[in-house]
Amino acid sequence: MLNDPRSHGLWEKTAPPPPVTGPLAADAFADVVVVGGGFTGISAALHLAEAGRSVILLEGAEIGFGGAGRNVGLINAGMWVMPDDLPGELGDVHGERLLDLLGNGPRVVIDLIDKHAIACELERNGTLHCAVGDAGLREIKDRASQWQKRGAPVELLDAAETAARIGTTAYAGALLDRRAGTLQPLAYVRGLAHAAQRAGVVLHTSSRVVSTERIGSGWKVVTDRASVTADWIIVATDAYSTGPWERVRTEQVYLPYFNLATRPLAPDLLSSILPNREGVWDTKEILSSFRMDKAGRLVFGSVGALRNGGAAVHKAWARRSLARLFPQLGKVDFECEWYGQIGMTTNALPRFHRFAPNVVGFSGYNGRGIAPGTVFGRVLARHILGEITEAELPLPLSDPSDPPMRRLKEVYYEAGAQVAHFVGERF
């Protein structure tokens, strides 16, 4: 995408083409203008159009250019925060609402894929959160207990069961979440865009918003070529925000994350490594993740950026880690490599902002973009349609605020991951 093979890697190589789009070239009018062509923006646009509203979506680059097209592809339920801790962070009302919404988030994603026949390599066999050592085992036991008392279909696996599912004896156990799964993220967001376009959404790419202007009770949203006048603006640019809503980006600390894809594995290896194709990540502070794509490529990732010497360091570390996890792989060659930025908030929870009257958005998904982005897009559509009030939203209203020492933390995370992987930090 944009002639950069390290921006979207395997996902761009294997995703079906996006819908035909072009820049906004003439002034236009709509009920709602959506800014951002990722999971949240396209989900909101699709649900609004299906309810009969006229919608124009403006994307500064290409559909799925931001986090939607770069991530691991795990359809996770919930957030990083432990379920029992959410009410303490958000209050009882919003905490329980958010748990219910995001706990059921994968189901919303899967239903949309089925409804619109989106070809995105969907795997419905769950995810495995793998325990490293005794501390990791205590963590997943706590998480399992907290979800189970809420009726979630999660199961704690012992070391032997974990090894049978993954093909390695590296882990002390795992939390199997049957709500979850994996998909090809760029294919999914492009499929949503096709569905939105069929529903009547007008999609414009290469249409970066440079300013906004209040016009009566509505808004004029201006790009470098033309403008859209609408009653509502949905801001769905999240961690890649620039222009009028750059403060959405600056209230988050960037955590770089890379992925490396092997060549398709031989059938005997596929029968022993993730034979059920669950998505996997571990409990380490500098975590690792891995999953299979449809062709049998093993996609392996961790914290770090593939730049400034990081590419060589992180790839060498990945080869060592894969040799320890799966010695049966032998010599590993990577077919694709790419990385992006996870936007981390101060409490690892998303935000709801009302930037001005009728200008709203959710952001701050902390590496959990697929299900939260999709369901928050639907929530924004329902809010604009008048089906739920602001008081009934799953998050309280907050004002964007910059975290302390943001730039220093970003340098530390990128450099720290590179140092840790250089000295051989273990998974």
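Me: Which strand does β4 join through 5 bridges, running antiparallel to that strand?
Reply: This is a predicted model, and in general the strands of a sheet pair through backbone hydrogen bonds, either parallel or antiparallel. Strand β4 covers residues 127-131, and one of its residues, A131, has G173 as its bridge partner. G173 belongs to residues 173-177, which run antiparallel to β4, and the strand made of these residues is β6.

Me: In the open sheet of 8 strands, what are the edge strands?
Reply: The order across the sheet is β5-β6-β4-β13-β14-β15-β12-β16, with mixed pairing, and the twist averages 20 degrees from one strand to the next.

Me: What angle does the direction of helix α6 make with that of β5?
Reply: Helix α6 is formed by residues 133-148 and packs on the sheet, where it touches β4, β5 and β6. Taken against the direction of β5, the direction of the helix makes an angle of about 155 degrees.

Me: Is E139 buried, partly exposed or exposed?
Reply: E139 lies in helix α6, and, leaving out residues up to four places away in sequence, it touches M82, H129 and T283. Its relative accessible area is 25%, and because buried means under 20% and exposed means over 50%, this value falls in the class between. E139 is partly exposed.

Me: Which strands does helix α13 lie across, and at what angle does it run to β12?
Reply: Helix α13 is made of residues 406-422, and the strands that it lies across are β12, at 253-262, and β15, at 298-303.

Me: Which residues is N259 in contact with, leaving aside its neighbours within four places in sequence?
Reply: N259 is found in strand β12, and with a relative accessible area of 0% it is buried. Contact here means heavy atoms within 4.5 Å, and under that cut-off the residues in contact with N259 are R70, N71, V72, S289, V299, F300, G301, C336, E337 and W338.

Me: How many residues apart are W11 and W338, which form an aromatic pair?
Reply: A search of the whole structure finds 12 aromatic pairs, and the pair of W11 and W338 is edge-to-face, with 5.4 Å centre to centre and 70 degrees between the planes. W11 is buried at a relative accessible area of 0%, and W338 also counts as buried at 0%. Since W11 lies in helix α1 and W338 in strand β16, the pair links distant parts of the chain, and the two residues are 327 residues apart.

Me: Which residues do ring pairs link into a cluster?
Reply: F290 and F326 form an aromatic pair that is edge-to-face, at 5.6 Å centre to centre and 85 degrees between the planes. F290 lies in strand β14 and F326 in the loop between α11 and β16, so the pair ties together parts that are 36 residues apart in sequence, and both residues are buried. Ring pairs link these two with others into a cluster, whose members are F258, F290, F300, W317 and F326.

Me: How far is the charged end of R249 from the centre of the ring of Y254?
Reply: Charged residues also lie over rings in this model, and R179 is over the face of W147, at 4.1 Å from the ring centre. The charged end of R249 sits over the ring of Y254, and its distance from the centre is 3.6 Å.

Me: How many disulfides does the structure hold?
Reply: A disulfide needs two cysteine sulfur atoms within 2.5 Å. For C336, the nearest cysteine sulfur is that of C120, which is 18 Å away, and C336 is in no disulfide. For the whole structure, the number of disulfides is 0.

Notes. Residues numbered from 1 in each chain as written. Predicted model: local features only at pLDDT ≥ 70, side-chain atom pairs only at ≥ 80, totals over all residues. Heavy atoms only, no water. Pairing = 2+ DSSP bridges. Helix = DSSP H or I, 4+ residues; strand = E, 2+ residues; numbered from the N terminus. Axes fitted to C-alpha atoms, helices over the stretch in contact; angles between N-to-C directions. Buried < 20%, exposed > 50% of the residue type's maximum accessible area, 1.4 Å probe, protein only. Phe/Tyr/Trp six-rings, centres within 6.5 Å; stacked < 30°, edge-to-face > 60°. Lys NZ or Arg CZ within 6 Å of the ring centre and 35° of its normal.
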